[in-house]
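User: Here is the next model for our chat. Please start with the terms, then we go through the fold.

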Amino acid sequence: MCGIVGYVGSQSALDVVVAGLKRLEYRGYDSAGIAVLADGGMAAAKKAGKLANLEKELVERPLPAGSTGIGHTRWATHGGPTDLNAHPHLDNAGRVAVVHNGIIENFAELRAELAERGHALSSETDTEVVAHLLAEEFSACADLAESMRLVCRRLEGAFTLVAAHADEPDVVVGARRNSPLVVGVGEGEAFLASDVAAFIAHTRSAIELGQDQVVELRRDGVHVTGFDGSPAETRSYHVDWDVSAAEKGGYDYFMLKEIAEQPKAVADTLLGRIDASGSLTLDEVRIAPGALREVDKVVVVACGTAFHAGLIAKYAIEHWTRIPCEVELASEFRYRDPILDARTLVIAISQSGETMDTLMALRHAREQGAKVLAVCNTNGSTIPRESDAVLYTHAGPEVAVASTKAFLTQLVACYLVALYLGQVRGTKWGDEIRAVVRDLSRISEEVEQVLETMEPVRELARSLASKNTVLFLGRHVGYPVALEGALKLKELAYMHAEGFAAGELKHGPIALIEEDLPVVVVVPSPKGRSVLHDKIVSNIQEIRARGARTIVIAEEGDETVVPYADHLIRIPATPVLLQPLVATVPLQVFACELATARGNEVDQPRNLAKSVTVE
Ligand code: F6R
């Protein structure tokens, strides 16, 4: 949440920072602002609303040219999305500017102190106190990095801060605690950003910042210390995707591009996981096989779409390993005092690797002695760094707020973890594992087939644009798919959408069914568990008898559903447990098209932001 950019170099800071903010706008789009050091002073502009408003302002009232600058795109926490509350925030003399992501929990106390010392604060934000505190410290030590260290030691909460001071025109300073910040190192220039996407057009050399570290950026290099001034160890890495991965590439929306990228994302996530002898090798899973053999319970923690991936993972983990598996919303997990010990394996699933609820859940798990394995899409992010082990999904950057390709790759990664546990514990034979991996390796092509047949789904979505409610039903792994279909529709089309386990219908939700209500039903394969299949066919008949308009997702060759489907969406036949990898795709397309038909912003739905770095 909130996107931050900092730049020191010889290019126009305005151009570099605004271009960086454009790539980070998915993180928040309530307001945007920029500050540039020029002519011995600080020049700033900020505007409520999307970045386009700020760009317009910059055309109407240009800032002076400078080659050091900072910028921000906001997802509001403290104070509404107004011009005044937009970042950067400046001190009273207008010499220091600061941008912030996160929440400063003791800001009220600090604000009262500053007011007593005669500071006039004008916004409702928690951030403004930092500008004033930095100005005070700087007036004593004339060193921005040292001022930042002193201020950070006084702050409580989660924050990334980036600041510049007019008296140090070639310096930008950043600090991070529990909130993302990466450094980009170029030739004679350096960058700071919430995400590498902001500077990938300039450099692919990045440095991970650790917790409680302050970085000083100069043209000729970067210097990192702890909040206490001690030298800090950092890890440099090469970003293995290029600028085209963070661009729309001819699609109208990132979401459409990301849906289309799913076959490749799935294939990439499977790449290199089988060794020459045919065994599964998950090199990044650095938990010793002995410790994995000891595991007597698996707990998956995640939020939103990643939570739905976890719900599906449970079926595979329990079926293939016979270890009991619980799936918890990360935001609820630590508050109910869960029972965890050294034999519990916690799997934390997160696309961004920065979701605060998930981070807090994994910290709690580790404090209780559990081992944590992260399933994550973002190299070097906080969740994998703080876990005992990580399995990276290789979806590439996901920019649209609604998660699509990350979800499919999370499923693939979870299936691999389940199989690996089965391999290590001997509950699955090598040939059984290889058979599942073979099935998995066919999925990429099957997703491609689904994508090629989506025109009727788009047409159907457009025809439902004026509806108020859509329900989703599923059984077994189809139930979390129904939940995911409903979540996509809520967040993109702003419609009332709910997912139910089809068997629960008669226990209440069936009362919602009325004439012409669209109900999407995810039908399990008739092969695997025919009981399951037959039950859902009865459920379709029950709702149809009460007037529902049935939209049935069923595999090729399943003819039993034909008489009861008002609309039939075909998916390739897959083994039962893997069906979510193909069944989810039409639901993503459906939600995207319905949102477009309703005139909504597909990539940036209202009130949302990607990467939820506050609890
Ligand atoms: C929905 C969506 C969210 C995220 C959730 C977790 O489309 O994208 O529900 O899945 O906020 O985010 P990560 O995976 O980054 O932890």
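Analyst: Helices here are DSSP runs of H or I with at least four residues, strands are runs of E with at least two, and numbering starts at the N terminus. The model is predicted, so to speak of local features takes a pLDDT of at least 70, side-chain atom pairs count only at pLDDT 80 or more, and totals for chains, interfaces and linings use all residues. Residues are numbered from 1 along each chain as its sequence is written, and side-chain values use heavy atoms, with hydrogens and water left out.

User: Fine. How many helices and strands in the chain?

Analyst: The chain has 18 helices and 24 strands. Its radius of gyration, taken over C-alpha atoms, is 25 Å. The globule rule (2.2 Å times the number of residues to the power 0.38) gives 25 Å for 615 residues, so the chain is as compact as a globular protein of that length.

User: What box do the C-alpha atoms fill?

Analyst: Roughly 75 × 55 × 45 Å along the principal axes.

User: And what share of the residues is buried?

Analyst: Buried residues are 61% of the 615. Buried means under 20% relative accessible area, exposed means over 50%, and partly exposed is in between, with a 1.4 Å probe and protein chains only.

User: Which domains does the assignment give?

Analyst: Domain 1 covers 3-246, domain 2 covers 254-450 and domain 3 covers 455-597. Those bounds come from an automatic or database domain assignment. The C-alpha centres of domain 1 and domain 3 lie 46 Å apart.

User: Sheets next. What is the order in the sheet of eight strands?

Analyst: It is an open, antiparallel sheet: β3-β2-β4-β1-β10-β9-β11-β14. Two strands pair if DSSP finds at least two bridges between them. β3 (41-48) and β14 (235-238) are at the edges with a single partner strand each, so one side of each has no neighbour in the sheet. The twist averages 15 degrees from one strand to the next. Axes are lines fitted to C-alpha atoms, for helices over the stretch in contact, and angles run from 0 to 180 degrees between N-to-C directions.

User: Which helices pack there?

Analyst: Helix α1 (residues 13-24) touches β1, β2 (31-38), β4 and β10 (190-193), and its direction makes about 155 degrees with that of β1. Helix α2 (residues 51-60) lies across β2 and β3, at about 135 degrees to β3. Contact means heavy atoms within 4.5 Å.

User: Zoom in on β4. How many bridges join it to β1?

Analyst: Six bridges join β1 (residues 3-8) to β4 (residues 68-74), running antiparallel. Y7 stands opposite G69 in β4. On the β2 pairing, also antiparallel, there are seven bridges. There G33 stands opposite H72 in β4.

User: Which way do the β4 residues point?

Analyst: T68, I70, H72 and R74 point one way; G69, G71 and T73 point the other way. Seven of the seven residues in β4 are buried.

User: Now single residues. Is K405 buried or exposed?

Analyst: K405 counts as buried, at 2% relative accessibility. K405 is in helix α13 (residues 405-425). Leaving aside neighbours within four places in sequence, K405 is in contact with E258, E261, Q262, A265, A395, G396, P397 and E398.

User: And R149, which helix is it found in?

Analyst: R149 is in helix α5 (residues 144-152). At 10% relative accessibility, R149 counts as buried. Beyond neighbours within four places in sequence, R149 is in contact with V214, T225, G226, F227 and G229.

User: Last one. What share of the contacts comes from residues 24 or more positions apart?

Analyst: They account for 71% of the contacts in the chain with a separation of 6 or more.
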